[in-house]
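User: Hi! I am new to reading protein models, and I would like to learn how to go through one feature by feature. Could you guide me?

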Amino acid sequence: VEVAERIAAGEVVERPVSVVKELVENALDAGAHEIRVEVRGGGLKLLRVTDDGYGIPEDELERVCLRHTTSKLARFEDLSRLQTLGFRGEALASIAAVAEVHLLSRTIETERAGLIEPALGITVRGGEIVERGRRARVHGTTVTVRDLFYNVPARLKFMRGARTENGHILQLLRRYAMGYPAVRFHLQLDEHIALQTSGSGELALTLAELYQLPLAEMLHPVHVSDGQHYTVSGYVGNRALAQANRQFITLFVNGRWVQTRALLDALEKGYRGSLSKGKHPLISLFLTVPPDEVDVNVHPAKTEVHLQYEESILAALTRAVRGVLEKSPAL
Ligand code: ADP
Ligand code: MG
């Protein structure tokens, strides 16, 4: 692999969690109802994502592991109204440039047609195809990534321990599970099942599953809108669910997870003095604003947003949380 290619790959594939993000987004784009993620050694040893999506046609398997391949962008203008999560067609190629990737896929069409030939699998290592073979499987795709960064020693040297990487992966999967409650997610970290959702389609149930809450009554529904500039919906947790950090506050703006400090502060403000010092609530909220009233490209990692009507939205978030808490004496 060319050095330049490895550098480019390094930008997409910063660490194990970035690989998981790309593979899970591909599975969601493929219409998966169930997504299983397996992680070994903090993701450097092995990362495997299995989905039951529509699969990759055999004649495209090799192509999707090479540079600039996407089936999701027909015309340049499509960039402005993207429906899918991926569109640059370089994630798989970037991963395959810095790891060993095994891709096994069967399309839903070959299954429906009753074709019994086993599915085709290919192995790519450092950007080169090193193996092809057939194995039985039902429709869907399994991507296995081994020895991540084996050819990028500088990157390996700066990797944190497995615990840190696993923590990032768990947080990421929780967010996808909240964003897609109708999809069943399963995360295995080494021998331990870290997360499992039922794909019920109900956010409250998904949250109870994610946080292993004994009672879903500890969550209170929020739904407010001014009918013009914002709609806020989701759940606000009881004081008893307070945490030592902000990791249990999840906010999406137009479906995108954000960490904008002012927005999180506004949510916490809704609790007034009802949380003890240093404690942070459990919140999972979706803020929807008109697309032309939000700028998501403020931060390269895109977890910051600028809102045109920020002041009134901050006040609305505080009011929304406060309103729910005031109605629930148990809080
Ligand atoms: P992008 O998602 O930007 O198109 P990727 O490199 O992530 O680029 O994927 C390349 C292509 O491989 C996708 O456009 C899609 O056609 C195919 N693909 C990747 N993963 C899957 C999957 N899990 N199921 C079905 N198709 C997939
Ligand atoms: Mg993609």
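User: Which residues of H8 are buried?

Analyst: They are Leu-203, Thr-206, Leu-207, Ala-208, Glu-209 and Leu-210. Because six of the eight residues of H8 (residues 203–210) are buried, the helix is largely enclosed by the rest of the structure.

User: Is Gln-212 buried or exposed?

Analyst: Gln-212 counts as exposed, because it has 8 C-beta neighbours inside 10 Å, and the cut-off for exposed is 12 or fewer.

User: Where is Phe-149, and what is its phi?

Analyst: Phe-149 lies in the loop between strand E6 (140–146) and helix H6 (153–157). Its phi is near 65°, a positive value in a residue other than glycine. Phe-149 counts as buried because it has 21 C-beta neighbours inside 10 Å; the threshold for buried is 20 or more.

User: How confident is the prediction, and where is pLDDT under 50?

Analyst: Start with the general idea: where pLDDT is low, the predicted coordinates should not be read in detail. For this chain the mean pLDDT is 88, and 87% of the residues reach 70 or more. Over residues 73–83, however, pLDDT stays under 50, and the model has three contacts beyond four places in sequence for that stretch. The scores for the model are ipTM 0.99 and pTM 0.90.

User: Now the overall build. How many helices and strands does the protein chain have, and which domains?

Analyst: There are 10 helices and 15 strands in the protein chain. The domain assignment gives domain 1 (3–196) and domain 2 (213–327). Four residues of domain 1 are in contact with six residues of domain 2. On the domain 1 side, the touching residues divide into one nonpolar, two polar and one charged.

User: What do burial and contacts look like for the chain as a whole?

Analyst: Of its 331 residues, 36% count as buried. Among contacts with a separation of 6 or more, 66% come from residues 24 or more positions apart.

User: How should I read a helix such as H2?

Analyst: Helix H2 (residues 16–29) has 14 residues and reaches 20 Å from its first C-alpha to its last, close to the 20 Å expected at 1.5 Å a residue. H2 is mostly covered, with 11 of its 14 residues buried; among them are Val-17, Val-20, Leu-23 and Val-24. Just after H2, Gly-31 has a positive phi of about 75°.

User: And strands? How do E7 and E8 run?

Analyst: In a regular strand the side chains alternate between the two faces of the sheet. Here strand E7 (residues 184–189) and strand E8 (residues 192–196) run antiparallel and are joined by four bridges. His-186 stands opposite Gln-196 in E8. Two residues lie between the strands of this hairpin, and Asp-190 takes a positive phi near 50°.

User: Could we finish with single residues? Which residues is Ile-129 in contact with, beyond its neighbours within four places in sequence?

Analyst: Ile-129, found in strand E5 (residues 128–135), is in contact with Glu-62, Ile-122 and Val-124 once those neighbours are left aside. Ile-129 counts as partly exposed because it has 14 C-beta neighbours inside 10 Å.

User: What about Glu-268?

Analyst: Glu-268 sits in helix H9 (residues 261–269). With 19 other C-beta atoms within 10 Å, Glu-268 is partly exposed. Leaving aside neighbours within four places in sequence, Glu-268 is in contact with His-280 and Pro-281. Glu-268 and Ser-284 are 16 residues apart in sequence and 12 Å apart in space, C-alpha to C-alpha.

Terms used:
Residues are numbered from 1 along each chain as its sequence is written. Chains are lettered from A and ligands numbered from 1 in the order in which they are written. This is a predicted model: local features need pLDDT of at least 70, side-chain atom pairs count only at pLDDT 80 or more; totals for chains, interfaces and linings use all residues. Domain bounds come from an automatic or database domain assignment. Two residues are in contact if their C-beta atoms, placed from the backbone, lie within 7 Å. Ala, Val, Leu, Ile, Met, Phe, Trp, Tyr, Cys and Pro count as nonpolar, Asp, Glu, Lys and Arg as charged, and the others, Gly among them, as polar. Two strands pair if DSSP finds at least two bridges between them. pLDDT is the predictor's confidence in each residue, from 0 to 100. The expected span of a helix is 1.5 Å times one less than its number of residues.
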